[in-house]
Amino acid sequence: MKKNLVLGVSGGIAVYKALEIVSLLVKKDINVNVIMTESATKFVTPLSFQSLSQNMVTCDMFAEPKAWEIQHISLAEKADVFLVAPATANIIGKVANGIADDMLSTTIMATKAKVIFAPAMNTNMYENPIVQENIKKLKSLGYEFIDPAEGRLACGTSGKGKLESPEIIVDKVLMELNENKDLLNKNVVVTAGPTIAPIDPVRFITNRSTGKMGYAIAKEARNRGANVTLISGPTSIIAPKDINVVEVSTNEEMKNEVMNIFDEADIVIKSAAVADYKPKNYSTQKIKKGDGELCIEFIRDNDILMELGSKKKNQILVGFAAESQELKDNAMSKLQRKNLDYIVANDITASDTGFASEDNKVIILSKEGKEIYLDKMSKEKIATNLFDIILEKR
Ligand SMILES: Cc1cc2nc3c(=O)[nH]c(=O)nc-3n(C[C@H](O)[C@H](O)[C@H](O)COP(=O)(O)O)c2cc1C
């Protein structure tokens, strides 16, 4: 069954970004009901929210309802999570002081769902001690906040007060909507993205990994209650909230970071595409262009997965195999050689899955001989399946 999110939209310049939030949530199969304050409707019409959410938008508490129900109560009860984005100084102040004088403030008052505010306002407003006191009071009562970001604000000033990015807000909502906490208090380490091998101060070699698979795995583990460390090579993905992201660039750096926390880890998932080779000699000066060919000699770099496999005690160790031929046999041989518990094998020759794609199609093999074929699906769904398999739920 679909999860229900009630989105309260209050009257700030960032209202247009709430449209993107609705769109992203609908794509994740979440049912979204929008409540707009009267001020919010001055910025964007309810029709836009209605079209994107495919639900009627509620604005007026005293409007004739389409069906007999008291809407602020029915929406309050329907909400699995209640998000207010953008949250004005006004709505924060009203809720903090028990005021329920319109549809949004009244529904927030009536809900037992988790309420998350994503404030957005001018920096002076945000830093105003009254606003800060209201936020503090609400936090102490269990309301959650997604702090605004710093940057250039619509009013022309720069500072804290910018609505956090829709991706981060949606990510937080998805985390709250996940009630399955079967990784609670487990330490999960995930590696993601490519590594780079520098040739000289301006050149390096790397690979086509974007980190999408690893980031999806890290978020899934976090959503299921784990303490997650994500050791990431260079990617363009925004660092997710509530995950300890450690940025690295070379194989050596990635190895050091993984080894540092390996003893405390319960599950280690190595989805990074770590460079196997590096130039034998790093040139401290930029290599000058010549007329002839340039030959660079490469040597083997660390095999991090192999080292983890030989050091492993009680950890569950999961590797990835990107293969272009004999997928299953090559993956199985890697699983055995490197002492892994599971291996996720993907065929990188398919153009619509794998590197840079939103989807993946994999076979998950276990050391006990299980073979699970996951047809083409989103990397998020692969991540969900992977943990279900590790936790022996399928
Ligand atoms: C152009 C414009 C932009 C505004 N932007 C914000 C804003 O970003 N954050 C905020 O707290 N208030 C902002 N306000 C003020 C709110 O609209 C005002 O406080 C209003 O009473 C909020 O009502 P609501 O909380 O019921 O939506 C803005 C007002 C105008 C006219």
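## Helix H11 and its cover

Strand E8 (187-192), strand E11 (227-232), strand E13 (267-270) and helix H12 (304-311) are among the elements that cover the buried residues of H11. Cover here is by contact, meaning heavy atoms within 4.5 Å. Helices (H or I, at least four residues) and strands (E, at least two) are DSSP runs, numbered from the N terminus.

The buried residues of H11 are Asn251, Met254, Lys255, Val258, Met259 and Phe262. They span an arc of only 125 degrees around the axis, which places them on the same side of H11. Buried means under 20% relative accessible area, exposed over 50%, and partly exposed in between (1.4 Å probe, protein chains only); the arc is that of the directions from the helix axis to the C-beta atoms. An α-helix has 3.6 residues a turn, so residues three or four places apart point the same way. Helix H11 has 12 residues (251-262), which at 1.5 Å a residue should span 16 Å, and its end C-alpha atoms are 16 Å apart, in agreement. The expected span is 1.5 Å times one less than the number of residues.

## Basis of the model

This is a predicted model, in which local features need pLDDT of at least 70 and side-chain atom pairs count only at pLDDT 80 or more, while totals for chains, interfaces and linings use all residues. Residues are numbered from 1 along each chain as its sequence is written, and side-chain values use heavy atoms, with hydrogens and water left out.

## Ligand surroundings

Of the 14 residues around the ligand, Gly11, Thr37, Thr88, Ala89 and Ala120 come nearest; a residue is near if one of its heavy atoms lies within 4 Å. Helix H5 (residues 89-96) gives the most to this shell, with 3 residues.

Oxygen atoms of the ligand lie 2.6 Å from a backbone N or O atom of Gly11, 2.9 Å from a polar side-chain atom of Ser39 and 2.6 Å from a side-chain N or O atom of Thr88. Taken alone the ligand exposes 640 Å², of which the protein buries 63% (Shrake-Rupley method, 1.4 Å probe).

## Two buried strand residues

Asn4 is found in strand E1 (residues 4-9) and is buried, with a relative accessible area of 15%. Its side chain makes a polar contact (a pair of N or O atoms within 3.5 Å, one able to donate a hydrogen and the other to accept it) with the side chain of Asn31, at 2.9 Å.

Thr229 is found in strand E11 and is buried, with a relative accessible area of 15%. Not counting residues up to four places away in sequence, Thr229 touches Val188, Val189, Val190, Asn244, Val246 and Ile261.
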